[in-house]
Amino acid sequence: MEQRDQNRRMAQLLFPHITKTPEDYEAIYPERDLPEGAMVTRIAPSPTGFMHFGNLYGALIDERLAHQSGGVFYLRIENTDSKREVEGAVEVILTSLNAFGLKFDEGATEGEDRGTYGPYRQRDRAELYQTIAKSLVERGMAYPCFCTEEDLQVLHDKQEASGANFGYYGEWAVHANITCEEAEALIAEGKPYVVRFRSPGKDGNRIKYKDLAKGEIEMPENCNDIVLLKSDGIPTYHFAHVVDDHFMRTTHVVRGEEWLSTFPYHLQMFDAIGWKKPAYVHTAHMLKQDGSSKRKLSKRKDPEARLTYYLQEGYPAECVIEYLMTVLNSNFEEWRRKNPDADLNEFRFKAEKMGVAGAVFDIDKLNDISKTVISKMSGEQVYDATAVWAKEYNPEFYALLTRDPAYSKAILSIGRGGKKPRKDFTVWSDVPDYMAFFFEETFQTAYPWPENMSKNDILRVLNEYPSIYDEADDQQTWFNKVKDLTAAMGYAVDMKAYKADPTAFPGSVADISAVLRVAITGRTASPDTYAVMNILGKETVLDRLSKAAAAL
RNA sequence: GGCCCGUUGGUCAAGUGGUUAAGACACGGCCCUUUCACGGCUGUAACAGGAGUUCGACUCUCCUACGGGUCACCA
């Protein structure tokens with residue numbers, strides 16, 4: 001009786017301005033009316049101005065889980081740490097999610113929040129957290145702690161010296177039994193305080209939980225009286241997580257495995273308060289091969305940790321998503337082989353199928369996927385996507401590319417559309433170099449001539465070809481003419497015969513073709529020469545042939 | 001240091017007590033080919049180590065090693 005009264009007075013002392021009750025909030029944020037099995041997930045980044053590859057990784061899991069179950073995927077801004085918040089960071093988050101095609105149903109936006117479970121920025125929810133904290137104080141489950149940073153450091157040192165576990169618990173919890181009078185006096189002195197949770201945990205107890213990704217995990221029960229509200233009245237991550245995911249009616253919490261060690265806090269709070277726990281998916285980290293060892297992808301050391309890296313390089317967003325999916329669900333690749341053209345969202349993602357170990361980020365694999373995805377696009381699509389990329393990241397090239405759209409589209413259509421399309425580029429930033437010789441401004445004249453040919457023979461090709469060149473020729477006629485010239489020069493027309501006895505000829509039709517290619521494109525690797533010549537046009541072709549001859 | 005998670009080829013990985021231990025990427029070879037690509041075929045290559053349980057262990061248990069995470073009024 002006496003104690004209950006004390007608790008009520010303490011709650012009033014700490015939260016005189018709070019008039020709502022938890023029940024009020026239960027009414028404001030009712031259970032969601034969703035079909036059976038629908039999942040409610042969220043992406044909850046901190047507005048640090050930096051989107052990590054891991055953010056996308058988690059967001060994709062959230063998004064798939066929610067949307068393939070007919071549920072809700074929302075965005076919550078975790079800005080409880082004012083020191084880390086960066087101006088414009090929310091915009092970075094929104095832009096990134098948008099760039100990778102992850103659409104959330106409710107949450108923070110640049111203007112008004114969308115959805116009825118908001119506000120979706122934690123700092124705007126202070127009253128809610130304080131209301132719950134107040135009710136916990138009333139129930140004797142939380143109390144104010146006036147320890148300063150120095151006090152806690154001393155505590156830590158003592159524990160270290162005596163070999164005790166670190167933390168604020170049991171006999172070390174000096175304010176656990178503070179009275180109303182004592183608290184009132186300290187507050188009157190202007191002493192700052194935090195509100196701590198009174199952990200019901202018992203030393204030696206073990207708890208078990210089945211994580212959707214990790215499976216059964218067992219760990220010691222939490223005994224720490226962790227901080228619920230910081231001295232500025234804003235919650236710690238732990239408290240905000242429990243309160244928000246309860247009232248936002250989250251069913252599945254997806255987060256990195258760095259949260260595993262504080263997982264017992266969360267489970268304990270849900271149980272102690274009497275709320276239903278969400279399901280958890282703790283994901284392994286993306287690793288980076290660093291010499292002979294592996295480490296977490298680092299935002300400082302690894303450019304590929306940064307989401308903007310992929311945009312700058314010009315990876316089509318869906319390729320990054322596709323790559324992520326192969327890492328997340330190993331049966332995805334098998335599905336993809338069976339359904340090469342299906343929409344990625346038709347694949348049924350399963351949290352249980354996720355690997356438990358961290359995967360090394362495999363850029364080769366991403367590149368391969370990207371090449372394949374791009375190879376399936378039409379010239380028109382490639383043009384459009386490249387233009388979008390170039391406008392932002394390579395304005396100089398953008399000007400060239402868009403100077404004559406029909407011309408550029410024709411170039412980008414070479415070798416596309418068939419059953420075995422070319423795979424010339426991995427990222428949009430490969431396109432400028434690929435197209436360079438189609439523009440006089442960027443045409444390079446290094447001329448890597450076939451090494452086995454004499455200067456005279458090269459000149460002969462260059463000088464004689466114009467007389468047999470006819471723009472109207474179809475590909476077969478065009479090539480027959482190349483063969484005729486080859487034969488006239490005593491070179492091998494039949495590649496089999498040439499390969500059987502290379503010494504019998506000065507060279508082969510491959511060399512003659514190479515001369516044409518090098519003269520016209522300035523390089524040894526290019527798309528089909530016939531197609532290139534058609535696009536360049538007779539005037540340019542003849543001009544380049546004579547230029548090449550002059551340069552010899 | 002305490003606690004937790006993890007460890008199958010160079011990389012991603014299938015595998016849940018009995019398999020010739022899949023497949024993909026990368027790498028090599030061959031074929032196709034006027035070049036560059038594409039494509040097809042093919043090759044090298046793995047269960048971290050040690051005990052145990054079992055007729056039998058990549059699969060179960062324990063120990064060791066190594067890697068990662070975490071021990072804040074940061075998330």
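How many residues does the hairpin use to join β6 to β7? In this predicted model, where local features need pLDDT of at least 70, side-chain atom pairs count only at pLDDT 80 or more, and totals for chains, interfaces and linings use all residues, the hairpin joins β6 to β7 through 3 residues. Residues are numbered from 1 along each chain as its sequence is written, chains are lettered from A and ligands numbered from 1 in the order in which they are written, and side-chain values use heavy atoms, with hydrogens and water left out.

Helices (H or I, at least four residues) and strands (E, at least two) are DSSP runs, numbered from the N terminus, and two strands pair if DSSP finds at least two bridges between them. Strands β6 (residues 206–211) and β7 (residues 215–220) run antiparallel and are joined by 6 bridges, with D211 opposite G215 of β7. Elsewhere, an open sheet of 3 strands has the order β12-β11-β13 and mixed pairing. Its edge strands, β12 (293–296) and β13 (359–360), each pair on one side only. Between β11 (residues 286–290) and β12, 4 bridges form in the antiparallel sense, and L287 faces K296 of β12.

Turning to the salt bridges (a side-chain nitrogen of Lys or Arg within 4 Å of a carboxyl oxygen of Asp or Glu), the structure holds 32 of them. In one, the side chains of R123 and E85 meet at 2.3 Å, N to O. R123 lies in the loop between β3 (106–107) and α5 (126–138) and E85 in the loop between β2 (72–75) and α4 (89–99), so this pair ties together parts that are 38 residues apart in sequence. Buried means under 20% relative accessible area, exposed over 50%, and partly exposed in between (1.4 Å probe, protein chains only). By that scale R123, at 29%, is partly exposed, and E85, at 31%, is partly exposed.

A second salt bridge brings the closest N and O atoms of R125 and D244 to 2.7 Å apart. This pair links distant parts of the chain, with R125 in the loop between β3 and α5 and D244 in helix α8 (residues 237–247), 119 residues apart. Both R125 and D244 are buried.
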